[in-house]
Amino acid sequence: MNRFFALYASLALVGGCQSALHSWSDTAATPAPADQSTIKQTPPAAPFSQQTLYDLLTAEIAGQRNHYDIALENYSAQAKATGDPGVAKRAYQIAEYLNEQPASLNNALLWAKVAPDDIDAQRAAAIQLARSGRYDESMRYMERVLQGQGDTHFDFLALSASESDPQTRAGLLQSFDRLLLKHPGNGQLLFGKALLLQQDNQPEAALQVLEDEPASQQDIMPLLLQAQLLQSMGRSKEALPLLEDGLELHPQDKRLRLAYARLLIEQGRMEDARAEFTLLLQQNPEDDDLRLSLALIYMDDQAWSEAQAYLRDLIERDAHVDIAHFNLGLIDEQLNDHDGALIEYSLVGPGDQYLAAQAQQTALLLNLQRPADARQRLAEARTDQPGYAVQLYMLEVESLAAKQYNDLAWQAAQQSLQQFPGNLSLLYTRAMLAEQRNDLAQMERDLRQIIKAEPTNAMALNALGYTLADRTTRYAEAQALIERAHKLQPDDPAILDSLGWVYYRTGNLDQAETYLRQALQNYPDAEIAAHLGEVLWIQGKQEEAREIWAQSLQRQPDSSILRSTMQRLTGSETP
């Protein structure tokens, strides 16, 4: 860490040479405080006592030796004792640097009190009060900044209140309105009010505030907020000309152009978006996030060679390396370069892309009918990255089962629990595989072991309850298990589906229909649609059942459970 504290120019302080406090070392490194402003040299307003000088020198020496608590304590005490603006400011800056919030607030308030004409002091007090949730007081200090023609942080006040209760936000909004009566048309106030309305889920009102203020059509932050509000209201096409006008005024502004480029992607104008990202990269050649965005846009356009060039450039620049290797693997697959894809996936290191790369590599090898190679690579990965071992076992079991390598999947499941006995995730994975193998006894043993270890495991409760309802006649047990899961997660569509299904099995068709409709509304899945259609069919609502099946087939045309349900009930796999 660079030295934060500067030594005084002379050790004569101890001897009473009070003028020594007027100068700071020009060579000591001084990191920026929280507001990124440089710590300025503020001479004291009056001579100090020998004790004050001694305490301040002790603070400086303590800071040099990394005893920041002593430095902060001494400066805070002397700021209070002397009422000197320079000492109070220094105490505040040290507290901010150390992220000591109570001390930051106390010293900011003291600094604002002893320096009533200092805009920076008033702003610091306002921000600290807002951080402490004292919004009304914060507004009073911020008004002093506004009167002093300084840049305010009304946007910070609005954003800081986003997690507060509705009454606090309503009170802060009234404070904004009171200030606007005194300062009508003030762009800083209007922007802060719009932000507050947005945080309070009033996008229409926030947009109206900005549209009524001409300055918001030119200033960058209001423009960005307007565009964001229009997007949130489903009016993205209106945001495009707004941002285009802003770019005419501010052609070099990265934020505006980035928002515009992303909006073009949302509108499906990929060629235009590519042009904007290219320009952004020309303006910001060191920005590797932009380089990655361009690569992904080219991938979306299936312009593989261009995408490869940007991704390889990222690797060369040691930026987004894992994402680059992963996407290069995807491109190689598209180009049927299987060996190249496997190499790229193997180069993805631990992190956000690691499991995705392992999954893609495994799927590729299984598609090539090379299960032994897939298992070997996963075994090597578990050795190289033991922290991922459990997830890699789950990936192996599920991938093999999905490709109907059932015996190999069972071997992997058994091996995983030999290495990690009692692991609940692996037990659940084996239970699901056992159900596919019609080994309901093993499935039940594994799920009950999970429930014993975690009585509130809704997923295990629901899985066991649904299987008992669907594959056995133990309906009372099934219903009890599913109802326990429902109490834990009342909106989970899988649990709602199970609850509807067990009610169907027990003949409570009205309840079954209610829960299955709710499940399908929450998650339009083919299995839920099959269940709801069956309940409706049995109730004599065949036309509605056919409509639901037809809609689900459009979304999931390969659903075997949906087609088997229709075949069983109607004699045809089509509605």
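Q: What are the helix and strand percentages over residues 493-526?
A: This is a predicted model, and in it the chain over residues 493-526 is 82% helix and 0% strand, with the end C-alpha atoms 12 Å apart.

Q: Which feature does UniProt place at residues 493-526?
A: The UniProt record, an unreviewed entry, places the feature "repeat: TPR" at those residues, and that annotation may be inferred rather than shown by experiment.

Q: OK, helix packing next: at what angle do α29 and α31 pack?
A: Helix α29, residues 526-538, packs with helix α31, residues 560-570, at an angle of about 15°, and their axes are 8 Å apart. Angles under 35 degrees count as roughly parallel, and α29 and α31 are therefore roughly parallel to each other.

Q: Is the crossing left-handed or right-handed?
A: The crossing in which α29 passes α31 is right-handed.

Q: And which residues meet there?
A: From α29 the contact takes in Ala526, Glu527, Ala529, Ala530, His531, Glu534 and Trp537, which meet Ile561, Leu562, Thr565, Arg568, Leu569 and Thr570 of α31. By residue class, the contact of α29 with α31 comprises seven nonpolar, three polar and three charged residues.

Q: Switching topic, how many aromatic pairs are there?
A: The count comes to nine aromatic pairs.

Q: Where do Phe326 and Tyr345 lie?
A: Phe326 is in helix α17, residues 321-334, while Tyr345 is in helix α18, residues 338-346, so the pair ties together parts that are 19 residues apart in sequence.

Terms used:
Residues numbered from 1 in each chain as written. Predicted model: local features only at pLDDT ≥ 70, side-chain atom pairs only at ≥ 80, totals over all residues. Heavy atoms only, no water. Axes fitted to C-alpha atoms, helices over the stretch in contact; angles between N-to-C directions. Helix = DSSP H or I, 4+ residues; strand = E, 2+ residues; numbered from the N terminus. Parallel < 35°, antiparallel > 145°, perpendicular 65-115°, else oblique. Left-handed = near helix turned anticlockwise from the far one by under 90°. Contact = heavy atoms within 4.5 Å. Nonpolar A, V, L, I, M, F, W, Y, C, P; charged D, E, K, R; others polar. Phe/Tyr/Trp six-rings, centres within 6.5 Å; stacked < 30°, edge-to-face > 60°.
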